[in-house]
Every structure is written in structure tokens, then in C-alpha cells.
Amino acid sequence: MANEERDRLEGYRYNLPFFEHLHKKLQDAAGMSRNPAGEDASGEGYGSSGAGTAPSGTPRTERTLSTGPGEENLLRLIEERIALLDKVRECSDDLVPLIGEEPPGMGEELAMLGETGYGDLQDTLLRPGRASISVVIPVFNEERCITRCLDSIRGLADEIIVLDTGSTDGTVDLIRGEYPHVRLEFAEWRDDFAEIRNRLNDLAAGDWIFQLDADEALIGDGAELRAFLQLFYDCPAEALVVSPKIVNHDGGELTLTRRIFRREDGLRYYGVIHEDLRKEMDERGGDLRHLMTEFTLSHDGYEPQVIKAKNKHERNIRLEEQMAAREPDNIRWHYFLAREKQEAGFPDHEIVEGIRTGLQLRGTRTEPDHFHLRSLLLLAGILDSRPQYNEPLNALAEEINALYPECTDGLYYLLLHEYTDGTGNLVTRAESGLNRLKRLENPYSLLHPRSDHVIQLLGEMFMAAGQYKRAFHLYSQISDERILQNLRKRLGGLQDEIAAFLEG
């Protein structure tokens with residue numbers, strides 16, 4: 001393979017469509033090698049003369065591939081590459097062509113690959129990556145969880161550094177006794193998370209730095225994440241940041257976690273709490289390139305008993321107030337402060353005021369903003385549960401839908417408003433109808449002599465509104481056996497569906 005061709009193929013190193021098409025081409029070639037006459041299922045060849053003429057549309061210049069142990073190994077390597085690239089669930093817009101889009105001319109490129117070209121693929125596109133990984137962990141009184149954390153990164157790290165900030169429990173002794181390969185360092189805690197993380201960045205010697213918390217644990221095989229990071233180390237994107245997904249104890253997920261980055265990019269943390277990873281400080285992270293992945297960290301540090309034990313709310317609010325004062329024009333800090341106050345049980349009016357302060361910073365801008373969306377959703381949750389604010393939830397939901405059309409939370413609040421409004425109207429109308437029926441002194445009907453059809457409909461309205469007791473109370477007043485039989489048949493079928501659902 002010529003150097004020019006090799007360099008051109010190198011551009012496909014991270015391209016998922018390329019490897020998926022290549023995988024199919026190899027599988028097709030393997031099938032042809034087992035059926036060299038080009039026979040179909042009926043035993044007849046492609047051409048009527050039996051000469052094995054290729055199907056119409058097959059390029060005449062396409063090179064053929066014989067299969068054997070070497071090609072089987074190539075197929076395995078391609079499958080491994082596809083599995084790694086499939087771990088990218090989302091990425092920055094300028095990385096989409098590199099990873100997720102089919103490049104122009106790719107089909108022709110694949111058609112021209114012959115046996116020599118396939119062999120060179122193993123030496124170029126499919127060569128194993130080479131990059132070392134430092135996992136760095138800040139700790140303070142983490143005896144409860146540090147074993148789980150350290151055990152989870154077996155097979156991943158070339159270097160593990162733990163920076164203790166004054167533990168008074170058994171954390172340090174546990175690490176020294178059970179994990180002699182872990183480098184243990186010490187630092188004074190000065191109410192500054194960014195300072196500690198930046199100190200860990202400076203201590204790390206690996207090509208990749210993975211900032212992991214002690215109350216987190218990597219789920220699955222660390223070797224797969226290692227292979228992923230080794231693959232992407234040479235990715236031509238400046239300030240590349242890899243985000244494993246974090247799953248909290250309550251099932252909530254965070255995707256843009258920004259935990260893994262290349263040491264050579266010189267990224268630094270900013271903020272005494274909820275520290276923000278940045279390259280140029282003035283860009284506030286806007287100059288980073290992101291890979292959000294399916295690699296997963298479990299996190300239990302915000303379980304209620306853990307928060308109470310560490311007085312996290314009191315500490316967090318104090319530090320978040322510092323950041324809101326230091327960078328008052330950054331919605332990030334106003335959102336975190338409002339969220340923390342809500343979790344700590346502060347009055348709703350104080351939380352709403354803080355959210356609105358942050359939202360006003362957006363002005364007339366219309367571009368998507370992660371913390372603007374989170375602030376809108378935090379406000380929507382309060383308006384939904386506290387209707388006394390007299391602010392229409394549907395207007396807020398429409399704003400979320402307009403600015404973030406791919407976010408289903410806006411649709412959720414729109415539907416919730418319509419459901420709540422519709423249910424309320426349904427109950428109001430059912431009650432009005434029932435009261436009117438009760439006021440009739442001499443009721444009569446040409447459709448049903450005892451007006452059971454009206455009682456049934458009122459029951460249906462209460463049932464649709466979730467007022468089940470009122471619905472069944474009305475059903476019990478029906479005397480017409482035909483109506484009762486129809487009700488029992490329908491509700492009996494519903495009972496079967498409910499039982500099947502509850503049984504799982």
C-alpha cells in the first residue's frame with residue numbers, strides 16, 4: 001500500500017460507518033470463499049451460462065479477498081473496534097464527521113481494497129493504541145467506600161494516586177495495608193475542590209488523567225475503557241475530554257461528566273465547588289471537545305445518610321455562594337446554589353428567586369446551554385408541585401420545547417399540564433353533572449327508565465380522572481343488569497391486565 005493511500009485510510013481510524021461497512025464486506029467475502037462458484041440457494045450460478053458472472057452493479061475493478069486465519073483475525077479486530085466506537089453515545093458537533101458520518105468516497109475506497117490493503121489495515125487503522133492512564137482520587141474519610149472504588153479500576157490504571165485531605169477514620173491505613181501499589185499523597189484541605197483536583201493533575205504522570213471520586217466505582221471491565229482511551233489518545237481534536245456516564249443511587253444519570261482528559265492538553269479546574277474543567281479560563285469550557293460514552297460509574301455519595309454524615313448541604317451552600325459572588329454572570333453557580341437549597345429544604349420562594357436570577361443572565365441569547373436547561377427544569381418542578389406561584393407551567397414547558405426540542409422533559413411538562421388541566425376540568429364537570437342530577441325532583445328518561453346511563457357516564461368520568469372510589473360508588477347504584485354486565489366484563493379485562501403488569 002502506497003504512503004498516500006495509507007495516509008488516506010488513517011482518516012478512517014475513528015469512523016464507525018467505515019468499520020461497519022468493512023465488516024460487512026469481509027463477511028460477504030467469507031461467504032463467497034465458501035461458495036466460489038457464486039451459487040445461490042437453488043444451486044444455480046449467477047450467470048445462465050454457469051460461468052460465474054458477477055451480479056450486475058458489482059464494480060469490475062473491485063479486488064477479491066480470500067479468507068483464512070489471517071482474515072478471521074482481521075474480522076475479530078474490526079468487531080472489537082466497532083464495539084469500542086459504539087461506546088460513544090454523543091460527541092461535540094465537530095467530532096461527528098470523524099466518528100459518526102460516512103465520509104465521501106468511502107465506498108470506492110473499500111471497493112479498491114485488496115488482500116495487501118487488508119493486511120496493511122492491521123498495521124495502521126487497527127494497530128493497538130499506546131497510552132498510559134493515571135487514575136487520581138481525592139479522599140477525606142472514605143473508609144466506607146474506598147475499597148470498592150480501588151477494586152473497580154483493576155485492569156485500567158498504570159498509576160493510581162490518592163490525595164488525602166485530612167482523613168481521621170481508617171482510610172489511610174486501609175490503603176497502606178491493602179493497596180501498596182497505590183501512591184498516597186497528602187494535602188491540607190482549604191475549602192477548594194479545584195485546588196485539590198489541580199494538585200492531582202500535577203502529580204499524575206500518565207498520558208490520560210482520570211479524575212475519580214472515592215464514592216464512585218467503575219462498572220464493568222476496566223480493560224475495555226483502557227482500550228478505548230488508548231485508541232482515542234491520538235485523536236486529532238484539541239482539548240479532548242471523555243465523559244463516562246455516572247449513575248446515582250436513585251437511578252439518575254449524568255452524561256457530561258468530563259472526568260478523563262489528556263495530560264498534554266493542560267486542562268485545569270476552576271471553582272471551589274462543582275469545579276469546572278477548562279482550557280482557556282475565559283472560555284468557561286466552551287473550547288473543550290467532548291466524547292460522552294456508555295462507560296459507567298456508580299455513585300452513592302448523595303444518599304441521604306451520607307449527606308447527613310458529612311454535612312454536605314451546609315458546606316456546599318457556603319461554597320456555592322462564594323462562586324456565585326466570584327462569577328455572578330455565570331448561570332452555572334446560580335443553578336447549583338438553587339438546587340442545593342432545594343435539597344436542603346429551604347423555602348420555595350428563596351429557591352425560585354435564585355433560579356430566576358440565573359435565568360435572567362441569558363438575556364436574548366438562544367443557543368443551547370446545559371445549565372439554562374437545568375434551571376428551567378428545576379423551576380418547572382417547583383411550579384408543578386407548588387401551584388400557588390400562579391405561573392403557568394405550560395408557558396415554561398413551551399419555552400423548554402422551543403429552545404431544546406430534542407429534550408423530552410419539555411414534552412413531559414406540556415403533557416403534564418394538559419393532563420392536570422383536563423383531569424381537573426373532567427372532575428369539575430362530573431361533579432356539576434352529579435349535583436344537577438340530584439336536584440331533579442321528577443327525573444325521567446326516554447333512553448333509560450332509571451337514568452342508569454347517566455350514572456354510568458358520571459362514573460366513567462370520575463374513573464378517567466383517577467377518582468376511583470367515587471366511580472365505584474356510582475357504579476354500585478346502577479340497577480340495570482345489562483349495564484352492569486358490560487361494566488363487569490370491561491373491568492374484568494382491565495383487572496387481568498393490571499394483574500399481568502404487577503406480576504412483571
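Predicted model: local features only at pLDDT ≥ 70, side-chain atom pairs only at ≥ 80, totals over all residues.
Two strands are taken to pair if DSSP finds at least two bridges between them.

**Strand 12 and its pairings**

Strand 12 covers residues 289-299. Of its 11 residues, 8 are buried, and the strand is accordingly described as mostly covered. Strand 6, made up of residues 216-219, pairs with strand 12 in the antiparallel sense, and 4 bridges join the two. An antiparallel pairing also links strand 12 to strand 1, which spans residues 88-91, here over 3 bridges. With strand 7, residues 240-248, the sense is parallel and the pairing extends over 8 bridges.

Individual residues illustrate each of these pairings, as tabulated below.

| Partner strand residue | Residue in strand 12 |
|---|---|
| Val 88 | Thr 293 |
| Ile 219 | Thr 296 |

**Asn 201 in helix 9**

Helix 9 runs over residues 193-203 and contains Asn 201. Is Asn 201 buried or exposed? Its relative accessibility is 6%, and the limit for a buried residue is under 20%; Asn 201 therefore counts as buried. Which residues does Asn 201 touch, when those up to four places away in sequence are not counted? The contacts are Ile 209 and Gln 211, together with Phe 261, Leu 267, Arg 268 and Tyr 269.

Technical notes. Residues numbered from 1 in each chain as written. Heavy atoms only, no water. Buried < 20%, exposed > 50% of the residue type's maximum accessible area, 1.4 Å probe, protein only. Contact = heavy atoms within 4.5 Å.
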